[in-house]
Amino acid sequence: MATNLPMSPQLEQIHGEIRDHFRALANGFQKLDKVKDSNRQSKQLEDLTGKMRECKRLIKEFDREIKDEEGKNPPEVNKQLNDEKQSLIKELNSYVGLRKTYMNTIGNKKLELFDMGAGSSEPTAEDNVQLASTMSNQELIDAGKKRMDETDQAIERSKQVVHQTIEVGSQTATTLKGQTDQMGRIVNDLDSIQFSIKKASQLVKEIGRQVATDKCIMLFLFLIVCGVVAIIVVKIVHPNNKNIRDIPGLAPPVPSRRLLYVRTGQPID
């Protein structure tokens, strides 16, 4: 049972107040069945709505206390307390559904809806509701003026937001345009670099071809020089070898000379 749950004095007080309000709600709905006048039913429903709002506030306070004491209690106690909270929420929702049934029955649309989602502890409607039927003409006029002033202020705030949004949009457009121009320049620079790299590659290839050609020419000249030297050496070594042609532009080897002398008393041939 909920009454046997281990609770702190603060939790027990809040829990007791919630139970008192639930008993008052049960008695109020029982009495509501005996009321035949629609105006009195509306008034009694308004009182019951106030009690349900108070129950909702107390349940939220009960939930806060559970969370504050969560570290002090063992897990089993925390689970029991949370189950009790869910039970209180369900019981309150049952009264909320009962209230809606009565409102549909009597056709009263003047009260503001009081609704809680299953297991939700967040408020979904304004707490202070004043029936239009109980307000005087002056109060209605003042309320209307107040609402108009609030609407005007909201419109002014919306205008400021729109103006700020336009300014931010303009700044963003300017920034994007600058970035687009910068990207265009970067693309142009990349194209120039790519063209330069291509030209450099072609130049390197051309230089490579020229170097290869020069090497071939030098090799050919080297072979010619070697051939000429070889012929010269052979001519010097074998000057009488008729199979070796003379090198054009090179004088033939000088034949060996013999010294002639005449003996005394012999004629010269």
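The model is predicted. The chain has 4 helices and 0 strands, and along the sequence the pattern reads α-α-α-α. Of its 269 residues, 20% count as buried.

**Helix α1**

- Helix α1 covers residues 9–32, which is 24 residues.
- From the first C-alpha to the last, α1 reaches 35 Å, close to the 34 Å expected at 1.5 Å a residue.
- The buried residues of α1 are Leu11, Ile14, His15, Ile18, Phe22, Leu25, Gly28, Phe29 and Leu32.
- In general, an α-helix has 3.6 residues a turn, so residues three or four places apart point the same way.
- Aspartate 20 is also found in helix α1, but this residue is partly exposed, with a relative accessible area of 43%.
- The C-alpha atoms of aspartate 20 and cysteine 55 are separated by 9.5 Å, although the two residues are 35 residues apart along the chain.

**The largest nonpolar core**

- The largest nonpolar core has 26 residues, and those touching the most other members are Ile18, Phe22, Leu25, Phe29, Leu45, Phe62 and Leu81.
- Two or more residues of this core come from each of α1, α2 (38–68) and α3 (75–106).
- Helix α3 gives the most to this core, with 9 residues.
- Among the core residues with the most contacts to other members are Ile18, Phe22, Leu25 and Phe29, which are also listed as buried in α1.

**Salt bridges**

- How many salt bridges does a search of the whole structure find? The search finds 11.
- One of them joins the side chains of glutamate 91 and arginine 19, at 2.8 Å from N to O.
- Glutamate 91 lies in helix α3 and arginine 19 in helix α1, so this pair ties together parts that are 72 residues apart in sequence.
- Glutamate 91 is partly exposed, at a relative accessible area of 24%, and arginine 19 is partly exposed at 22%.
- The side chains of lysine 79 and aspartate 83 meet in another salt bridge, at 3.2 Å from N to O.
- Lysine 79 and aspartate 83 are separated by about one helical turn because they are 4 residues apart in helix α3.
- Lysine 79 counts as exposed at 54% relative accessibility, whereas aspartate 83 counts as partly exposed at 43%.
- A further salt bridge links the side chains of arginine 209 and glutamate 206, at 2.4 Å from N to O.
- Arginine 209 and glutamate 206 both lie in helix α4, 3 residues apart, which is about one turn of the helix.
- Arginine 209 is partly exposed, with a relative accessible area of 48%, and glutamate 206 is partly exposed at 34%.

**The end of helix α4**

- A nonpolar surface patch of about 960 Å² is made by Ile217, Phe220, Leu221, Ile224, Val225, Val228, Val229, Ile232, Val233, Ile236 and Val237.
- One of the patch residues, valine 233, lies in helix α4, which covers residues 137–237.
- Is valine 233 buried or partly exposed? This residue is partly exposed, with a relative accessible area of 45%.
- An unreviewed UniProt entry annotates residues 217–237 as a "transmembrane region".
- In the model, this span is 100% helix and 0% strand, and its end C-alpha atoms lie 30 Å apart.

**A second annotated region**

- UniProt, again in an unreviewed entry, lists residues 45–72 as a "coiled-coil region".
- Residues 45–72 are 86% helix and 0% strand in the model.
- The end C-alpha atoms of residues 45–72 lie 41 Å apart.

Key
Residues numbered from 1 in each chain as written. Predicted model: local features only at pLDDT ≥ 70, side-chain atom pairs only at ≥ 80, totals over all residues. Heavy atoms only, no water. Patch = residues over 30% accessible without salt bridge, like charges linked within 9 Å, V, L, I, M, F, W, Y side chains within 5 Å. Areas by Shrake-Rupley, 256 points an atom, 1.4 Å probe, with all protein chains shown as cover. Salt bridge = Lys/Arg side-chain N within 4 Å of Asp/Glu carboxyl O. Buried < 20%, exposed > 50% of the residue type's maximum accessible area, 1.4 Å probe, protein only. Expected span 1.5 Å × (residues − 1). UniProt positions renumbered as here; feature names shortened; annotations may be inferred. Core = buried A, V, L, I, M, F, W, Y, C linked by side-chain atoms within 4.5 Å.
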